Amino acid sequence: MNRNEITEQIVVARLARGLSWQDLADAIGRPLVWTTSALLGQHPIPAELGKVLVEMLGLDESAVPVLAAPPMRGGLPTAVPTDPTIYRFYEALQVYGGAIKELIHEQFGDGIMSAINFSVDMQKKAHPSGDRVVVTFDGKFLPYQWVSADG
């Protein structure tokens with residue numbers, strides 16, 4: 001069984017058992033967004049946590065080592081996302097990405113925000129004109145370090 005097949009089984013089993021992503025995150029004591037991302041194939045899940053999730057979802061125990069293996073991260077089916085929800089993030093980065101980059105360089109220096117030393121959170125915020133989606137990216141600043149060939 002490969003990771004994509006297990007991911008499909010997870011999605012089906014979660015719905016069939018009436019479990020929310022939050023139920024699964026709570027069961028292993030991990031953040032909601034991380035757990036959801038991991039179950040969708042973007043992070044390895046430690047075996048002891050994988051066993052809990054596999055049992056909750058009614059999956060075969062042979063899925064545990066596959067869930068624990070480092071996955072192939074990233075990748076969307078198309079260069080420009082076509083799913084409307086994912087496309088809006090793409091659109092927002094097209095509009096605000098340049099400004100965010102400039103402000104990172106101005107406030108931190110020449111470098112990047114890590115997506116490895118990183119967390120993300122999503123909250124629902126009530127608003128008179130309609131509920132708001134609040135997404136927070138929290139990544140460590142990594143300065144570019146130019147090293148000569150001599151070390």
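Modeller: Begin with strand pairing: two strands pair if DSSP finds at least two bridges between them. The model here is a predicted one. In it, 11 bridges join β1 and β2, and the pairing is antiparallel.

Colleague: Which residue stands opposite isoleucine 112?

Modeller: That is leucine 142, a residue of β2.

Colleague: How many residues lie between β1 and β2 in the hairpin?

Modeller: Six residues separate the two strands of the hairpin. In the turn, glycine 130 has a positive phi of about 135 degrees.

Colleague: Next, domains. How is the protein divided?

Modeller: The bounds come from an automatic or database domain assignment. Here domain 1 runs over 3-68 and domain 2 over 84-143. Taken over C-alpha atoms, the centres of domain 1 and domain 2 are 26 Å apart.

Colleague: What does the UniProt annotation cover?

Modeller: The unreviewed UniProt entry annotates residues 75-146 as "domain: Cyanate lyase C-terminal". Over residues 75-146 the chain is 35% helix and 38% strand, with 29 Å between the end C-alpha atoms.

Colleague: Now pockets. How much space lies in the largest pocket?

Modeller: A pocket's lining is made of residues that have an atom within 4 Å of one of its grid points. The largest pocket holds about 2,200 Å³ of space, and 43 residues line it. Those nearest its centre are Val33, Phe89, Phe118, Val120 and Phe137.

Colleague: Which elements give two or more residues to that lining?

Modeller: They are α3 (32-39), α6 (84-108), β1 (111-125) and β2 (132-143). The largest share of its lining comes from α6, with 11 residues.

Colleague: Why does the largest pocket lie between domain 1 and domain 2?

Modeller: Because domain 1 (3-68) and domain 2 (84-143) both give residues to its lining.

Colleague: How does the lining of the largest pocket divide into nonpolar, polar and charged residues?

Modeller: There are 27 nonpolar residues, 12 polar and four charged in the lining of the largest pocket.

Colleague: What is the volume of the second largest pocket, and which residues line it?

Modeller: The second largest pocket has a volume of about 160 Å³. Its lining consists of Arg3, Asn4, Thr7, Leu40, Gly41, Gln42, Pro71 and Met72. By class, the lining of the second largest pocket has three nonpolar residues, four polar and one charged. Gly counts as polar in this scheme.

Note on methods. Residues numbered from 1 in each chain as written. Predicted model: local features only at pLDDT ≥ 70, side-chain atom pairs only at ≥ 80, totals over all residues. Heavy atoms only, no water. UniProt positions renumbered as here; feature names shortened; annotations may be inferred. Helix = DSSP H or I, 4+ residues; strand = E, 2+ residues; numbered from the N terminus. 1 Å grid on protein atoms, 1.4 Å probe; cavity = no way out; pocket = protein on both sides within 12 Å on 5 of 7 lines; lining within 4 Å. Points joined across faces, edges and corners; volume = space filled by probe spheres on them.
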